[in-house]
Amino acid sequence: MSNSRRKDEIDVVEPKPRNTVPAENLRRVLGGVLEALGASPRDAATVAELLVEADLRGVDSHGAHLLGLYVARVRAGHIDPAAQPKLVDDGGTTLLLDGGLGFGQIAGLEAVRLLVERGREHGVAAVAVRESTHLGALAAYTERVARAGLICLCFQNGPTIVPPFGGVTQLFSTNPLSYAVPAAAKPPIVYDIATTTVAGNKLLLAKKRGDPSIPDGWANDERGRPTNAPAEASVHHLQWFGGHKGFGLAFLVELMAGVLTGSGFGRTEHTASPAHGRDRVAKGFVFLAIDPSRFLPGGDFGARVDMLVDDVVGSQPADGVDRVLVPGQLEHERRAVREAEGIPLSAALREEINRYAAELAVPGLG
Ligand SMILES: NC(=O)c1ccc[n+]([C@@H]2O[C@H](COP(=O)([O-])OP(=O)(O)OC[C@H]3O[C@@H](n4cnc5c(N)ncnc54)[C@H](O)[C@@H]3O)[C@@H](O)[C@H]2O)c1
């Protein structure tokens, strides 16, 4: 995100991967596992599609790597693989859904469908979803809304694993937020971040890959001391990006996604919900949409976005920086590469996916 990134961080040309898998194969295997866990064929294919989309975009922390989390949550009863979102309240421009503890991807895409419909009709819309589960990468949803011509914001909260800034008590999740904005000739702007320096899954993935070290500012150890050692870094002691500034945004995410939607927040995480009882890993999320054509006529907004993108990417890079980017650019570029060359999978992740496939008697990756 910062313009102090150096060439190796902004180059989409990855080292030639040794172990790649075509997106289609990965979709098939993930879908098979999810269906064997109890999702309908359609829902299993949808969740698999969104996971693989994250891998294609280079967001490996929120791709196939999440299968293990989802298998564990279904087996523990924290995700109901057959649940469907239900409309609880329809105020025209505002809608409330209950996710029924089903896959977040299913409630998320339904929320997005309604958001686009109402955003186009009224110019602005907000769809809140309570009692759902993990959405995966938020960009999957905001980008779809932007490609439908609307500006979109999304917030999600989750299980309490991160202390507030300056504290040591776990009260927040990594509280991600995303926005996407339609352009005209160019791909949409897509910003999608955890408000911690990195998503917890990025740390878990670094551990799984056996990375020798992690960068400064990612995480502390169990006693709250900064560390670069993956083995000592705790997923319960992630650091907020930008200190109190990232924390302030995380607080907004908690208010919007947890409090406003009527989902769990802070210490209420394991208190009983009227609809779904006590033992649940519920998350809330909210989507906001604005139709830019209500403010600027015709395609004027998109044309102006294109101009701004040109200004930014055509601007002078700082010393030692290869090029200046706009949010979403890296992921759009990486997607084109990975669609052609396949998705790199570590041996450990491939083995893990094959293990779940074998346990559930569905074909694996081979
Ligand atoms: N569902 C959940 O509960 C949950 C929780 C945490 C994180 N996540 C997901 O984790 C994923 C990764 O989050 P992260 O914080 O590791 O992301 P990150 O730090 O890699 O930042 C990614 C964002 O920064 C932009 N970016 C990167 N380099 C840039 C540059 N040089 N110039 C301009 N923009 C640049 C990217 O286009 C992208 O929008 C996200 O998809 C997020 O939704 C989900």
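## Close-up views of a predicted model

**View 1. Val127 and its neighbours.** Val127 touches Leu95, Leu97, Ala111, Leu114, Leu115 and Phe287, leaving out residues up to four places away in sequence. Here, two residues are in contact if their C-beta atoms, placed from the backbone, lie within 7 Å. Before you look further, note that this is a predicted model: local features need pLDDT of at least 70, side-chain atom pairs count only at pLDDT 80 or more, and totals for chains, interfaces and linings use all residues. Residues are numbered from 1 along each chain as its sequence is written.

**View 2. The largest nonpolar core.** Val127 is also, with Leu30, Val145, Cys152 and Phe287, among the residues with the most contacts inside the largest nonpolar core, which has 99 residues. The largest share of this core, eight residues, comes from α3. Domain 1 (1-82 + 327-366) and domain 2 (85-196 + 240-313) both give residues to this core, so it lies between them. A nonpolar core is a set of buried Ala, Val, Leu, Ile, Met, Phe, Trp, Tyr and Cys residues joined through C-beta atoms within 7 Å. A residue is buried if 20 or more other C-beta atoms lie within 10 Å of its own, exposed if 12 or fewer, and partly exposed in between, with C-beta atoms placed from the backbone. In soluble globular proteins, nonpolar side chains tend to be buried together.

**View 3. Ala126 in strand β4.** Ala126 lies in strand β4. Helices (H or I, at least four residues) and strands (E, at least two) are DSSP runs, numbered from the N terminus. Ala126 counts as buried because 20 other C-beta atoms lie within 10 Å. Apart from its neighbours within four places in sequence, Ala126 is in contact with Thr93, Thr94, Val286 and Leu288. Follow the chain from Ala126 to Ile290 and you pass along 164 residues in sequence, yet the two are 9.1 Å apart in space, C-alpha to C-alpha.

**View 4. Strand β8 and its partners.** Seven of the eight residues of strand β8 (residues 283-290) are buried, so this strand is largely enclosed by the rest of the structure. Strand β4 (residues 124-132) runs antiparallel to β8 and is joined to it by seven bridges. In this pairing, Ser132 stands opposite Lys283. Strand β5 is antiparallel to β8 as well, with six bridges between them. Here Cys152 has Ala289 as its bridge partner in β8. Two strands pair if DSSP finds at least two bridges between them.

**View 5. Strand β6 from both faces.** All five residues of strand β6 (residues 177-181) are buried, so β6 is largely enclosed by the rest of the structure. Which residues of β6 point one way, and which the other way? Leu177, Tyr179 and Val181 point one way, while Ser178 and Ala180 point the other way. Strand β5 (residues 151-156) runs antiparallel to β6, and four bridges join the two. Leu153 stands opposite Tyr179. β6 also pairs with strand β7 (residues 189-193) in the antiparallel sense, over five bridges, and there Ala180 stands opposite Val190.

View 6. The centres of domain 1 and domain 2, taken over C-alpha atoms, are separated by 22 Å. The contact takes 22 residues from domain 1 and 20 residues from domain 2. On the side of domain 1 that touches domain 2, the elements giving two or more residues are α3 (41-56) and α10 (329-341). The largest share of that side, seven residues, comes from α3. The domain bounds come from an automatic or database domain assignment.

**View 7. The shell around the ligand.** Of the 31 residues around the ligand, Ala137, Leu138, Ala194, Ala199 and Leu325 come nearest. A residue is near a molecule or strand if its C-beta atom, placed from the backbone, lies within 6 Å of it. β7 and α10 are the elements that give two or more residues to this shell, and the largest share, four residues, comes from β7. The shell divides into 18 nonpolar, nine polar and four charged residues. Ala, Val, Leu, Ile, Met, Phe, Trp, Tyr, Cys and Pro count as nonpolar, Asp, Glu, Lys and Arg as charged, and the others, Gly among them, as polar. Domain 1 and domain 2 both give residues to the shell around the ligand, so the ligand lies between them.
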